Amino acid sequence: KQWYQRRVRECENTNKPERIGMGGQDGDNGHEAPRALTSRQRIDAVFGSLFGLLDGPVTYVKENVVEKLQSGKPKQYWYHRRFARVPTADQCEVEDRVCLYEADEQYVRDREVDMNVVRILRQRLHECQMWEGPANYYKCDNYKKQFEDAMCNWFIKYGEMRYTKKSLEAYMKQKHRLIWERRHPDNKLHD
């Protein structure tokens, strides 16, 4: 209880109001009597002191021990994991199973990224249509164009393939499409 009373007195001394006015006018010298602390100020003082008691040693150890021990190491930031690009199926040797496995894993990651891009563009188009209401036919044209281009590109690369098919089958699909476009130059599959 004595500690609390001492803390209240310290708070009373630090919470003196500033001088108001120039002083000496109408018998006023510019000083006011200190106001009594409100219950909210007392509670803040108590919790501030408790926080200082608990946080002080922790902050001291962190700043003077932990950070000094970690100063020699480079700082690591944790963001999305970045995989190194690996050779695609057309760059692998025929019997190199490890290379084909890595190409398949890269293909699966690329497919997931492309699916998420299409999903985000679809969501943007839907939000624009909901926001603009009946005027969305001309105000959301850029979102619609981006979404249709992304869908067309996704279908060219991954469409009409089973989910279990991997990079070698996608490479063959691309090869067959290019051969077909070479044989039929007047019939393009996309713009």
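Author: A disulfide is a covalent bond between the sulfur atoms of two cysteines. The model here is predicted, and Cys-92 is joined to Cys-99 by such a link, with an S to S distance of 2.0 Å.

Reader: How many disulfides does a search of the whole structure find?

Author: Two disulfides turn up in that search. The other joins Cys-128 to Cys-140, with 1.9 Å from S to S. This pair links distant parts of the chain, 12 residues apart: Cys-128 lies in helix α3, and Cys-140 in the loop between α4 and α5.

Reader: Is the link of Cys-92 and Cys-99 left-handed or right-handed?

Author: The angle about its S-S bond is -70°, and the link is left-handed. The link of Cys-128 and Cys-140 is left-handed too, with -90° about the bond.

Reader: Is Cys-92 buried or exposed?

Author: Buried means under 20% relative accessible area. Cys-92 has 12%, so it is buried. Cys-99 has 10%, so Cys-99 is buried as well. Cys-128 and Cys-140 are also buried. Cys-152, with 28%, is partly exposed.

Reader: At what angle do the axes of α3 and α6 cross?

Author: Two packed helices are described by the angle between their axes and the distance between the axes. For α3 (residues 97–132) and α6 (residues 167–183), the axes cross at roughly 75° and come within 8 Å. Therefore α3 is roughly perpendicular to α6.

Reader: Which residues in α3 meet α6?

Author: Leu-100, Ala-103, Asp-104 and Tyr-107 in α3 meet Ser-167, Leu-168 and Ala-170 in α6. By class, this contact has five nonpolar residues, one polar and one charged.

Note on methods: Residues numbered from 1 in each chain as written. Predicted model: local features only at pLDDT ≥ 70, side-chain atom pairs only at ≥ 80, totals over all residues. Heavy atoms only, no water. Axes fitted to C-alpha atoms, helices over the stretch in contact; angles between N-to-C directions. Helix = DSSP H or I, 4+ residues; strand = E, 2+ residues; numbered from the N terminus. Parallel < 35°, antiparallel > 145°, perpendicular 65-115°, else oblique. Contact = heavy atoms within 4.5 Å. Nonpolar A, V, L, I, M, F, W, Y, C, P; charged D, E, K, R; others polar. Disulfide = S-S within 2.5 Å. Buried < 20%, exposed > 50% of the residue type's maximum accessible area, 1.4 Å probe, protein only.
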